[in-house]
Amino acid sequence: MKSSVKNTILPFFAALLGYLFLTAGLFYPVVFQGQVLISPDSVSPMATSIALDAVHEETGSYPLWQPWSFSGMPTVEAFTYLNGLYYPGIFFGFFQIEGLFLQLLHFVFAGLGGFVVLRQFRLHGAAAFLGGAAFMLTPYMVTMFVYGHGSQLMTAAYMPWVIWAALRLLDGMRPSDMGILALLAGMQLQRGHVQIAYYTWLLLFLLVVLKITTGSSSAAEGVKKTAMVAVALGIGVVISAAVYLPVFEYTPFSVRGAGSGGGAAYDYATMWSMHPQEYITYLLPGAVGFGGIAYWGRMPFTDYPNYAGIVVLFLALAGVIAERKKACTWFLAGGVLLMGFLAFGRYFSPVYDLFYHFVPFFSRFRVPSMALIVVSLNLALLAGFGLHAVMEGIRGKGLFILKAGALVIALCMLVFLLAEQPFERFLRSLFPVPPVESPELAGLVNQVRWDQWKSSFLGLVFFGGLFAALVWLRSKKVIGATFVGVFVMVLSLADLLNVNRQIVFPLDGSLRSSQLVPGSYLEQAFSADGVTGFLNDEPGVFRIYPVGPLFGENKFSVFGIQSTGGYHPAKLQVYDEMLRVSENLADIELLRMLNVRYVVSPSPLDHPALDPVHDDELFLVRGPVGVRIYRLSGAMERAWFVREGKAVEHGKEVYRELLGGGVDIAGEALIEGAPWEGRRMFGEGRVSSIEVVPEKIVLSVHADGEAFLVLSEVFYPLRWKVKIDDKEHRVFKVNGLLRGVMVPPGEHEVVCSFDRGSFENGRKLSLAAFVVSLLLVGTRFPGLKRGYRVK
């Protein structure tokens, strides 16, 4: 018993130390030098989180609305500020492990997940370690960390663990394993990247089907196994209810759910489809420019290649050949094929379209190429099987295929050496014109493209050739199993680290800049400056309009400055539509309607309605930016009464009149869903006082007769409710974007408040389901010595 536990625990902790070493080594500037990442997707959420932390601390309530970006938008419903709802994040927060360090821990967690899955199948320790390391070091995972997509990284880290838990449950049918699967599935969902969690469930579906159809279980037992998995996943969903109950209700109002049936429109959903030619990056990471300005593939842009490692690919092929008769091999290989086809998106529509139109919820997602994270996981696990086979010694058909592959590599190298210049001319003829104005810079971009291709090819020859030599020596028993296992593992990791190094530390001349800077840069970026100081000193309630490159800047939220701009991919659809038709609010009357008092611009503006009032510097991550602040004349207050309301049917009519200059915003409102036709006159009214906090607006008003109050807040009827003297009133959509309400004669208190009901109910459900899963786990503490043989 002691020996068995020792043989299980010691390899696990050895793997843990190994993954910690790899993570710390690759990201040593973050771990040891206090450096931080400054990509827009890294910095913008930090700014918003600082502001929301302050609200949370001040009010004691979890903030569900942030008024500083895009004139106001949800938090949790738009997958913002989720760490306080993520149970592991809460736990590690007690030890001050958060932010980048929490993400780094998920690298280690991802590696351990691959390790425990492969140890279930009793693979050699080196083979299992490689499988976990190959997954955690896939360039996709590294890029998500470097470029600020931590939710993707942390959600993906759960994928192997969910597979492991499902294997245990399908094998043992124990309630305790139901609890483990529920916990892992629930926390993966809590982490907030539902698309990757969805792909995990697709993989689980394949696993369950294959296990039941190829196993020796009776039909009744198969039904029971399926039911236990379904119940466990159901509990997992409820664990995440605090996030997804409000999220699913928000989807029809979000830009990501504005298509038919609540899904994303097809063109939007397939923007990042993987063109067939780009699959060559699995062999040559620089084949289409690697990333950045040198990238010349079919996606809008990318910062990394989809590369799994050439040695990992060869090992995965060896694993498929060696274990081709086993169900687990078909499961992993089938997952590679399915997700590979889904990643084609618009470029191979039959498979993608089938899922888009008929598989529940699939149409809600964009970025088809994200499915390749499953390909990376499955290839990594297959590589573990492959290394196990290599350590045992490859013979027969496998050795023949290996020799053929080595011969092909040698021939390619020979041809390349003999015809490098003609091949370079041919490849350069395929390069599209770089998106730059300078001919000199265009020539430099094309040179980088060629250099990336050449270095990738030489890497293929070097790592592929060494791998073939090691496997051949092992087949001849010149070297032992442990020796070849360790050296092939080191070779695989060196291959992956070589590519990842270019993501974390871009080479000089690569035309890509490092995202790492000293922590002091971030402190400066979020510190007070002349611009934020001037705006903060101004009295009253108002918004700003940041011009040009400042439009997406979220720094203003740190200081409670409400902006019409911002940076977020899941903004309210009604606001996104107004941004689109107005070309980013490029209309003076629209800015007045949005309570814009100041326009902040990094370059001079010339307009009679704009009066320059202050010049100063705005401190940003990459340094100070000189800006001029203009006061906009004629700006509306946050709320006002109009004398006339015109009933309109749909947004197109509103946009045509509003942007055509035919609407007197101060005295007229275009009202959708009005209970009258044509025009209607209203009585006079005035706003005596207004108090604005993130989730509540209180106004004291007086109306001479029945009046119509316009509130310069984004129309979002699902959550924002209006009460007049404690009696709820209907909220109308005004001018295509704002809220409006009819006010009876007299003195009144108008309260506009955010409905927290779904969120609070979700939190209660999450906690209850979490307790249920713990009770299931407690029915039998998981045995540490149980293994899972290859079947």
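A residue is called buried here when its relative accessible area is under 20%, exposed when it is over 50%, and partly exposed in between, with a 1.4 Å probe and only protein chains considered. The model described is a predicted one, in which local features need pLDDT of at least 70 and side-chain atom pairs count only at pLDDT 80 or more, whereas totals for chains, interfaces and linings use all residues. Residues are numbered from 1 along each chain as its sequence is written, and side-chain values use heavy atoms, with hydrogens and water left out.

The protein as a whole contains 29 helices and 21 strands, where helices (H or I, at least four residues) and strands (E, at least two) are DSSP runs numbered from the N terminus. Its radius of gyration is 29 Å, close to the 28 Å that the globule rule gives for 791 residues, so the protein is as compact as a globular protein of that length; the radius is taken over C-alpha atoms, and the rule is 2.2 Å times the number of residues to the power 0.38. Along the principal axes, the C-alpha trace spans about 95 × 70 × 50 Å. Of the 791 residues, 57% are buried, and the accessible surface comes to about 32400 Å², with 62% of that area belonging to carbon and sulfur atoms; such areas come from the Shrake-Rupley method with a 1.4 Å probe, and for residues only the protein chains shown count as cover. Among contacts (heavy atoms within 4.5 Å) with a separation of 6 or more, 76% are between residues 24 or more positions apart.

Turning to the helical part, helix H13 (residues 241-250) has seven of its ten residues buried, so it is largely enclosed by the rest of the structure. The buried residues are Ala241, Ala242, Val243, Tyr244, Pro246, Val247 and Tyr250, and they pack against strand S3 (73-74) as well as helices H10 (175-190), H11 (194-214), H12 (219-239) and H29 (757-778). Isoleucine 239, which is found in helix H12, is itself buried, with a relative accessible area of 1%. Beyond its neighbours within four places in sequence, isoleucine 239 is in contact with Tyr87, Ala182, Leu183, Gly186, Gln190, Ser766, Ala769, Phe770 and Ser773. Isoleucine 239 and leucine 189 are 50 residues apart in sequence, yet their C-alpha atoms are 8.3 Å apart in space.

Strand S5 (residues 543-546) and S7 run parallel and are joined by four bridges, with valine 600 in S7 as the bridge partner of proline 546. S8 and S9, in turn, run antiparallel and are joined by ten bridges, proline 612 standing opposite tyrosine 630 in S9, and the two strands form a hairpin with two residues between them.

Within this sheet, serine 601 lies in strand S7 (residues 596-601) and counts as buried because its relative accessibility is 0%. A polar atom of the serine 601 side chain lies 2.5 Å from the backbone oxygen of serine 603. Apart from neighbours within four places in sequence, serine 601 is in contact with Val547, Leu550, Val627, Arg628 and Tyr630.

A further open sheet of five strands has the order S14-S15-S21-S17-S18, with antiparallel pairing. Strands S14 (685-693) and S18 (727-729) stand at the edges with a single partner strand each, so one side of each is left without a neighbour in the sheet. From one strand to the next, the twist averages 25 degrees. Strand S15 (residues 696-703) and strand S21 (residues 746-754) pair in the antiparallel sense over eight bridges, and valine 698 has valine 751 in S21 as its bridge partner. Leucine 699 also has its place in strand S15 and is buried, with a relative accessible area of 1%. Leaving aside neighbours within four places in sequence, the contacts of leucine 699 include Ala639, Val687, Leu711 and His748.

Methods:
Polar contact = N/O pair within 3.5 Å; in protein donor to acceptor, adjacent residues only side chain to side chain. Pairing = 2+ DSSP bridges. Axes fitted to C-alpha atoms, helices over the stretch in contact; angles between N-to-C directions.
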